[in-house]
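Hi there,

Here is the structure I promised to pass on.

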Amino acid sequence: MKTKISTTFLIGIFSISLLSSCNSGGSEENKIDEEVFDPNSSLNTMFDGKIFSIPSPVQTAFLIKQLNLSFDETILNDDAKVGEYITEYNQALNLGIYGTDLGYCALYNQKKASLKYLSTVEKLTTQLGLDAAFDTSFISRFEKNSDNEDSTILLMADAFKESDNFLKNANRKSTSALILTGGWIESIYIACELHTKKASPEIKTRIGEQKQSLSSIIDLLNTYNKSGSNDKLIAQLEDLRLSFDKIDFQYEYAAPETDKDSKLTVFNHTLVVSFEETVMKEIKTKLTAIRVSITKA
Amino acid sequence: MMKQLLFIGFTLFSAAFVNAQDCEAIVRNCETLLNKDTKGSQFISDGQVYTAFLDREKAEFKTTFFGGSTYRIAASAGANEDYVIFTIKDLQGNILFSNKNYKNAPYWDFKVNQTLPVTIQTELDLDLKVTGCVVMMIGFKK
């Protein structure tokens, strides 16, 4: 019996050592296989397929505010609909949408509207099991700082980052993907609506600049497409991509300048984004239809 | 035999848990780097935690830096700050920046006057660490 336990114990210790060594900090004494230094080696591949980066919806809201466009609550998703989102799929997409609405309200220092959308975000995060990121401490800090747009935006961005980390660790990457997608769709929807109300070349350009982000979103949804649940949304976004493909990018490289003391690099390139107003209208029509299909529950 | 299997299962689970905790500690390191030595306003996270477990691999992803903002990229793979190499390329493949030229600095700021779609490549400095969890975060400010 003793021998059996000892053997099991040794196997266990060996297993821990083996797995922990996979993640332990290396040292300068590490012996590295020659193959690692071969740039053509098959080892130079990506882990877990791909990493995706979706721009923060707050960035578009920043631009909107910089342009002194007035706040318009009527374009946001109706907070009363929050109870209608029953499935995890709908809850995640609409959490992204409400999160962007909350950011838009917070950036314009709209206290009453912010607290209303904070409540919708709180409800959906609870239903999605994201209480750790959007806990009572977050809610009370948000409420206390609701007069300070810089603080509320920082708090909100950190809470969404925490929930992204939590979902990825919990192997719920499909939920994380849907939240990011909802956030992106709402930010571009708001930009399209404001551009329609008052044409702005800056807003139009910013919408056109989303071409690569749209491709990343489609790739992300394809990668985490549980049982084909994203199929309809992917088809809609693929159709939207056909319109984005009509946007012309004229890029000219210029060497960046780096100041190593301040750890700052300034990019000096030029990028001209151009497309016809008819393409803009096409994008708005398609994006609105996608947003309606998400928010109608 | 059953006991043996249960014990091995438990130890494998424990090891995986230890690894997850290691990764979580690196996430916290990276969060600190995202606003280390910032002048003026803080960097706002883009809301994502870019995590990869690299085993002599390179992770690569595309993103867009929007004009009118300053961005910070922070990267960590453990207690030492110089484990991670990150390289930014434009879509023509021109290398715009690599922290390899600056002693693998764990964070760097980028002033973006005009929007720029880029590819970011991340890898461990194999002279220092061969395998492990790598975390990257991106922040921006006006």
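**What I found**

On one side of helix 5 of chain A, A:Thr136 and A:Lys144 are exposed. Please keep in mind that this is a predicted model.

The other residues to look at in that helix, which spans residues 136–144, are the buried ones: A:Phe138, A:Ile139 and A:Phe142. Viewed down the helix axis, these buried residues fall within an arc of 100°, so they line one face of helix 5. An α-helix has 3.6 residues a turn, so residues three or four places apart point the same way. As for their partners, the buried residues of helix 5 pack against helix 3 (88–107), helix 4 (111–127) and helix 6 (149–169), again of chain A.

Now to the cysteines. Over all chains, the structure holds one disulfide. It joins B:Cys23 and B:Cys133, whose sulfur atoms are 1.9 Å apart. The link is right-handed, with 65° about the S-S bond. B:Cys23 sits in helix 1 (residues 2–34) of chain B and B:Cys133 in strand 9 (residues 131–141) of chain B, so the pair ties together parts that are 110 residues apart in sequence. B:Cys23 counts as buried at 14% relative accessibility, and B:Cys133 is buried with a relative accessible area of 0%.

What about A:Cys105? A:Cys105 is in no disulfide, and the nearest cysteine sulfur, that of A:Cys192, is 18 Å away. A:Cys105 is buried, at 0% relative accessible area. A:Cys192 is in no disulfide either, and is buried with a relative accessible area of 1%.

Best wishes

Technical notes:
Residues numbered from 1 in each chain as written. Chains lettered and ligands numbered in written order. Predicted model: local features only at pLDDT ≥ 70, side-chain atom pairs only at ≥ 80, totals over all residues. Heavy atoms only, no water. Buried < 20%, exposed > 50% of the residue type's maximum accessible area, 1.4 Å probe, protein only. Helix = DSSP H or I, 4+ residues; strand = E, 2+ residues; numbered from the N terminus. Arc of directions from axis to C-beta. Contact = heavy atoms within 4.5 Å. Disulfide = S-S within 2.5 Å.
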